[in-house]
Amino acid sequence: MSDIDREQKHIVLEQMDSKSGEMIAPCRTLAYDTLVLAIGSTSNDFGTLGAKEHCIFLDSRQQADRFQNEFLNLYLQAQSKVAGRGDDTISNKRLDIAIVGAGATGVELAAELHYAAHQFCKYGFKVSPENVRISLIEASNRVLPGLSEQVSASAQAELLKMGVNVLTEHKVTKIDDSFIYFENGQSLPATLKVWSAGIKAPDFLKNIAGLETNRINQLIVHSTLKTTLDSHIFAMGDCASYTPAGQQRAVPPRAQVANQQAIFLEQALKAHIEQAGLPEFVFKDKGSLVSLSEKTSVGSILGNINIQGFCARMMYVSLYRFHQMALHGFWKTSVFILKDRLSRSARPPLKMH
Ligand SMILES: Cc1cc2nc3c(=O)[nH]c(=O)nc-3n(C[C@H](O)[C@H](O)[C@H](O)COP(=O)(O)OP(=O)(O)OC[C@H]3O[C@@H](n4cnc5c(N)ncnc54)[C@H](O)[C@@H]3O)c2cc1C
């Protein structure tokens with residue numbers, strides 16, 4: 001979808017091409033009586049100089065694959081330099097990896113990279129984990145700024161214990177091939193750079209068809225999830241911004257919100273079509289869990305109960321299985337669990353290609 005014509009009540013679908021460039025379907029329109037926009041979000045680099053050119057974003061599978069590839073290449077490069085010296089010593093060249101944005105994605109990635117750095121030695125790589133510097137950069141004064149201070153403090157303590165270089169109150173102003181520059185005048189060397197500092201709705205949504213949008217292109221919606229200026233257009237998930245009455249902040253762009261809004265809309269759309277009174281969306285925050293690699297997780301559940309350690313890890317794993325169950329049903333998920341258990345001993349801990 002690339003545009004909306006509210007007068008004609010249709011959306012515009014762009015031409016669809018095959019990978020080889022052959023046209024599959026031409027540019028066309030699609031009529032609607034009621035439209036629900038649920039087109040998600042993309043990374044937001046806030047116009048930071050050099051971010052687009054020098055950072056890897058994590059919006060798609062292709063970008064994640066690119067990150068994995070560049071991460072492995074960094075190791076292979078360091079390894080070949082050691083081998084070139086013809087000795088068996090450990091490389092003392094430091095690998096600098098920087099993650100911009102200490103939200104859940106940045107924190108989880110930092111912990112996973114720390115785990116990977118330790119696993120690489122087991123594959124015979126001569127790059128010592130001590131020589132891999134993982135920096136997690138955050139503009140606000142704490143990691144996980146969207147979660148409670150206690151969860152944030154637990155996560156930060158775990159990351160510091162792992163040796164992650166946590167830089168809070170460091171606002172990035174510019175990035176080039178080898179460095180990240182901060183507002184405070186400092187800079188940090190970084191070979192591999194990942195950007196995970198916030199989201200925005202797709203640019204083409206900005207004031208689309210005269211609808212009201214915010215500074216990150218999200219469509220502003222009422223408590224019914226109807227857009228403020230058109231009662232036939234609903235928006236949900238990351239591309240929508242809903243601020244509950246009496247609150248300062250909009251509900252967060254998370255899977256939990258999108259999921260609850262989808263369930264809500266199933267009922268609300270029936271009422272809308274039958275021209276009955278619409279219910280109001282109420283977000284019930286069931287908590288958040290952040291994985292800190294294999295052994296531990298941190299988070300909060302049931303409103304404000306903070307959890308961490310093995311218990312949180314078990315909950316994180318169970319949550320993943322619940323998601324699988326929602327998609328595949330109970331029996332298929334049980335088979336997946338069994339298959340994963342059986343193949344665990346034969347599978348390598350790191351995917352190298
Ligand atoms: C790396 C990463 C990790 C995350 N981890 C978590 C997590 O652990 N917990 C959590 O709660 N949230 C997490 N999120 C956020 C979560 O993925 C989103 O909040 C959630 O997917 C939003 O759901 P949505 O339906 O609004 O959008 P999406 O799930 O993004 O779905 C939007 C769909 O619309 C399609 N689309 C986009 N533009 C168009 C267009 N113009 N025309 C047609 N189709 C279009 C997209 O291809 C996509 O399939 C993570 C996000 C990322 C990037």
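These are my notebook entries on what I looked up in this predicted model.

**Ground rules.** I number residues from 1 along each chain as its sequence is written, and I keep in mind that side-chain values use heavy atoms, with hydrogens and water left out.

**Overall layout.** I began with the secondary structure and found 7 helices and 23 strands in the chain; helices (H or I, at least four residues) and strands (E, at least two) are DSSP runs, numbered from the N terminus. Taken along the principal axes, the C-alpha atoms fill a box of roughly 75 × 45 × 45 Å. I noted that 43% of the 353 residues in the chain are buried, where buried means under 20% relative accessible area, exposed means over 50%, and partly exposed is in between (1.4 Å probe, protein chains only). The chain is divided into domain 1 (1–32) and domain 2 (51–199), with bounds that come from an automatic or database domain assignment. I looked up the C-alpha centres of domain 1 and domain 2 and found them 40 Å apart.

**The ligand.** Which residues come nearest to the ligand? Of the 14 residues around the ligand, I listed Met-1, Ile-39, Asp-238, Arg-254 and Ala-255 as the nearest, a residue being near if one of its heavy atoms lies within 4 Å. The shell divides into 8 nonpolar, 4 polar and 2 charged residues; here Ala, Val, Leu, Ile, Met, Phe, Trp, Tyr, Cys and Pro count as nonpolar, Asp, Glu, Lys and Arg as charged, and the others, Gly among them, as polar. Helix α5 (residues 255–273) gives the most to this shell, with 3 residues.

I then turned to the backbone atoms beside the ligand. A backbone N or O atom of Met-1 lies 2.9 Å from a nitrogen atom of the ligand, whereas for Pro-253 a backbone N or O atom lies 3.2 Å from a ligand oxygen atom. For Ala-255 I noted a distance of 2.8 Å between a backbone N or O atom and an oxygen atom of the ligand. The ligand taken alone exposes 1000 Å², of which the protein buries 49%; accessible areas come from the Shrake-Rupley method with a 1.4 Å probe.

**Salt bridges.** I found 10 salt bridges in the structure, each a side-chain nitrogen of Lys or Arg within 4 Å of a carboxyl oxygen of Asp or Glu. Side chains of opposite charge can pair when their charged atoms come close.

Lys-161 forms a salt bridge with Glu-158, with the closest N and O atoms 3.4 Å apart. I looked up where they sit, and they are 3 residues apart in helix α4 (residues 149–162), which means that about one helical turn separates Lys-161 and Glu-158. Lys-161 is exposed at a relative accessible area of 67%, whereas Glu-158 counts as buried at 15%.

Asp-203 pairs with Lys-200 in a salt bridge whose closest N and O atoms are 3.0 Å apart, and Asp-203 is exposed, with a relative accessible area of 52%.

For the salt bridge between Asp-340 and Arg-321, the closest N and O atoms are 3.0 Å apart. Asp-340 lies in helix α7 (residues 330–344) and Arg-321 in helix α6 (residues 310–328), so the pair ties together parts that are 19 residues apart in sequence. Both Asp-340 and Arg-321 are buried. I also recorded that Arg-94, Asp-96 and Arg-133 are linked in a network of salt bridges.

**Two serines.** Ser-43 is in strand β7 (residues 42–43) and is buried, with a relative accessible area of 14%. Its side chain is joined to that of Asp-59 by a polar contact of 3.0 Å, a polar contact being a pair of N or O atoms within 3.5 Å; within protein, one must be able to donate a hydrogen and the other to accept it, and residues adjacent in sequence count only if both atoms are side-chain atoms. Ser-300 is in strand β22 (residues 296–301) and counts as buried at 11% relative accessibility.

**Positive phi.** Where is Gln-275 found? I located Gln-275 in the loop between α5 and β21 (287–292), with phi near 55 degrees, a positive value in a residue other than glycine. Gln-275 counts as exposed at 74% relative accessibility.

Key
This is a predicted model: local features need pLDDT of at least 70, side-chain atom pairs count only at pLDDT 80 or more; totals for chains, interfaces and linings use all residues.
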